[in-house]
Amino acid sequence: MTKILKFQPAKKSRWDVKPAEMAAVGLALMCGLGFGAYSPMPASASGEYISKQFSICSGPVRVTCVVDGDTFWLDGTKIRVADIDAPEIGEPKCASEKALGERTKLRLREMLNAGAFDLAAFENRDEDKYGRKLRVIMRGGRSLGNQLVTEGLARTWTGRREPWC
């Protein structure tokens, strides 16, 4: 004799998540919310885009210029590109770090001069321990820092510096 078993569907909780919902969350994280580790918030209440001509910094007076691959001055304010780590040029540990740092500096200047951009706050921190404003450079919804990473000129900021040599 065969026994027939009846199964009742499990009760659904309000926390059940469908695979499509999980995929959507994963995609959102992969598109920058998780990897970039920033909160895109306009640096100014007006939401105006910035369009300036940047030079390479030289001398003691710095107004609107690029220091290195992750630091620049904008209208007299020193800004650290918060979502990347770029090679050092001031105190490099080896010749290859200095060479890559120089390329990164020139590329950052080129990107800043390529058109209007916005500055976004970074992880609810306004400044670093050196007094530099921490900002993510955004153009068209994309981080210019991430572009430097894609080009192999910088690394995504992980919270600490890593050696380049």
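One cysteine to begin with is C65, which is buried, because its relative accessible area is 4% and the buried class takes in values under 20%. The model shown here is a predicted one. C65 forms a disulfide with C57, and the two sulfur atoms lie 2.0 Å apart. C57 is buried as well, with a relative accessible area of 14%. The link of C57 and C65 is right-handed, with 95 degrees about the S-S bond.

The structure holds 2 disulfides. The other pairing joins C94 to C165, again with sulfur atoms 2.0 Å apart. This pair links distant parts of the chain, as the two cysteines are 71 residues apart. C94 sits in the loop between β5 (84-85) and α2 (95-113), while C165 belongs to the segment after β9 (155-156). The disulfide of C94 and C165 is left-handed, because the torsion about its S-S bond is about -95 degrees.

How accessible are the two cysteines of this pair? C94 has 23% relative accessibility, so C94 counts as partly exposed. C165 has a relative accessible area of 54% and is therefore exposed, since the exposed class begins over 50%. With bonded cysteines counted along the chain, the disulfides follow the pattern 1-2, 3-4.

The loop that holds C94 leads on to α2 (95-113). This helix has 19 residues, and the distance from its first C-alpha to its last is 27 Å, close to the 27 Å expected at 1.5 Å a residue.

Which residues of α2 are buried? They are E97, L100, G101, T104, K105, L108, M111 and L112. These residues lie on the same side of α2, because they cover an arc of only 150 degrees around the axis. On the other side of the helix, A95 and R103 are exposed.

The buried residues of α2 are covered by several other elements. Among the strands that cover them are β1 (55-56), β2 (65-68), β3 (71-74), β4 (77-81) and β7 (133-139). The helix α3 (144-150) is also included in this cover.

What comes after α2? The helix is followed by G115, which has a positive phi, near 150 degrees.

How values were computed. Residues numbered from 1 in each chain as written. Predicted model: local features only at pLDDT ≥ 70, side-chain atom pairs only at ≥ 80, totals over all residues. Heavy atoms only, no water. Disulfide = S-S within 2.5 Å. Buried < 20%, exposed > 50% of the residue type's maximum accessible area, 1.4 Å probe, protein only. Helix = DSSP H or I, 4+ residues; strand = E, 2+ residues; numbered from the N terminus. Expected span 1.5 Å × (residues − 1). Arc of directions from axis to C-beta. Contact = heavy atoms within 4.5 Å.
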